[in-house]
Amino acid sequence: MKSLIQLAEEEIKKYASIVESDPNRLRYHLMPPVGLMNDPNGLIYWRGEYHVFYQWMPFQTTHGAKFWGHYTSRDLIHWQTQVPALAPDEWFDRNGCYSGSAVDNDGVLTLFYTGNVKDDQGVRHTYQCMAISNDGLHFEKKGVVIHLPDGYTAHFRDPKVWKHENTWYMVIGAQSAQLDGKAVLFRSHDLVHWEHVGAIAGGENGNFGYMWECPDVFRLGGKDVLIVCPQGLQPEGMHYQNVYQAGYFVGQMNYETGQYAHGTFTELDRGFEFYAPQTMVDEYGRRIMIAWMGVPDQDEDKHPTIAYRWVHALTLPRELVLVGDKLYQRPIEQLQLLRSDEVHYPNVSLHKETMQFDGVKGKTVELLLKHIEGQGVLSIDIQNDVSFSYDFEKRVATLQRESFARQGEKEKRQCVLSNLRTLHIFIDTSSIEIFLNEGEEVFTARFFPHEKNEHIVFKTNGRAAFHLYKWKLC
């Protein structure tokens, strides 16, 4: 593993100047130092530091035999790059150390991940594996702890481990032998020997996806939430517009029987690039979520950053709050540490006009609109490439952008929203995250404007009133 890690670090040094010369490089998001980044892994607060691992292919900007890249932070805002934690060098993970999670086992930082293997005939094999560390930086692989149980294909991956009372539990994303997506539960008393409890959700005769990935189970607001990424859902109106989805169920878990009674599936994000979210509990007891700002098989080869030898990023950390059976996502308060150059326009009133405000522009910007009222359509155009609008009569929120995959084409994502009270936007060079009504709905997307355009333009064909705040970030 040391030799593979050394090769990866040499790749970082070799292409550092090319990567950093990209005008689309982000300023306050986590990105790969080189190559391809996808799922966040092993999110944990351990010994006074936050650890974010991630799926990483250092040698190319396409998917392949994944490493676990590694970042650490003391505040979830300022990050340090660490030595890669895992490399695909064993018989049980030679084609990739796939996604997984981290726990604190009596002071030992313990990782669980999926070992991906393809034999000489190209047949896939899958193993759930463990690695441990006493210093949080250097990891020793302990090998396979779970082999593939009967009734499932080798698409069986992404273990998320947690402790309930005195027992460890693991949920895995799976495809059944009947080609249904499922979330499968295991339990253990020592993290080494695991009992197969069974599927807790999914398996609906192929009606809700042929494969589920990246499951996560946690307690919030007196209920049990299951986050999962179904593959194979067909678009339904404004829903399920991306190639693959990320969303959640809310219900109650019976840990004695392994039964999970839950409601309907709800998408987590309404934008273009959002997948593979994972959560952790931070030092303040908040449930924090980070996701991949990308989607598998969705124009990944068209990102202009590939010319600079890197692709993809992670979302901002978001605090999750359960309101009824709805997950609200809120940008963590620590992001305020990045603010400077505040601009404030109280009591803005627009009437069938287009307006730019002095000081309200830039490439790394936080915008906040509060106490919004209006009629007709209010829109905000950003760098002549992406726009957000809300139709007060139709009660529809829309994110539209210039397609980076199909030149000259506009594309949009939408959701129904009964009213718009607050609008919170984070722009970071080539990414945008939009939080509506303190996280009731969220849009996440990448966009690639002309690098010299910093304009932000407000428009309405009716009337709109709001308080406007703007900060430069970083």
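Guide: Buried means under 20% relative accessible area, exposed means over 50%, and partly exposed lies in between, with a 1.4 Å probe and protein chains only. Helices (H or I, at least four residues) and strands (E, at least two) are DSSP runs, numbered from the N terminus. This is a predicted model, in which local features need pLDDT of at least 70 and side-chain atom pairs count only at pLDDT 80 or more, while totals for chains, interfaces and linings use all residues. Residues are numbered from 1 along each chain as its sequence is written, and side-chain values use heavy atoms, leaving out hydrogens and water.

Visitor: What does the secondary structure of the protein come to?

Guide: There is 1 helix, together with 34 strands. Of the 474 residues, 61% count as buried.

Visitor: How does the radius of gyration compare with that of a compact globule?

Guide: The radius is taken over C-alpha atoms, and the globule rule is 2.2 Å times the number of residues to the power 0.38. For 474 residues a compact globule would come near 23 Å, and the protein has 22 Å, which agrees. The C-alpha trace spans about 65 × 50 × 45 Å along its principal axes.

Visitor: Which way do the residues of β19 point?

Guide: Arg 287, Met 289 and Ala 291 point one way, Ile 288, Ile 290 and Trp 292 the other, and all are buried.

Visitor: How many bridges pair β18 with β19?

Guide: β18 (residues 275-281) pairs with β19 in the antiparallel sense over 5 bridges. Tyr 275 stands opposite Trp 292, and Val 281 stands opposite Arg 287. The hairpin has 5 residues between the strands, and Gly 285 in this hairpin takes a positive phi near 85 degrees. With β21 (residues 318-323), β19 runs antiparallel and is joined by 3 bridges; there Ile 288 has Glu 319 as its bridge partner.

Visitor: Which residues touch the most other members of the largest nonpolar core?

Guide: In soluble globular proteins, nonpolar side chains tend to be buried together. A nonpolar core is a set of buried Ala, Val, Leu, Ile, Met, Phe, Trp, Tyr and Cys residues joined through side-chain atoms within 4.5 Å. The largest has 37 residues, and Leu 335 and Phe 426 touch the most other members. Elements giving two or more residues to this core include α1 (2-20), β1 (35-46) and β19. A second, separate core of 36 residues includes Val 360, Leu 369, Leu 399 and Ala 464.

Visitor: How many salt bridges does a search of the whole structure find?

Guide: A salt bridge is a side-chain nitrogen of Lys or Arg within 4 Å of a carboxyl oxygen of Asp or Glu. The search finds 24. One of them joins Lys 141 and Asp 93 at 2.6 Å, N to O. Lys 141 lies in β8 (residues 140-147) and Asp 93 in the loop between β4 (79-81) and β5 (97-105), 48 residues apart. Both Lys 141 and Asp 93 are buried.

Visitor: Where do Asp 381 and Lys 459 lie?

Guide: The closest N and O atoms of this salt bridge are 2.8 Å apart. Asp 381 is in β26 (residues 377-382) and Lys 459 in β33 (residues 456-460), so the pair ties together parts 78 residues apart in sequence. Lys 459 counts as partly exposed, at 32% relative accessibility.

Technical notes: Pairing = 2+ DSSP bridges.
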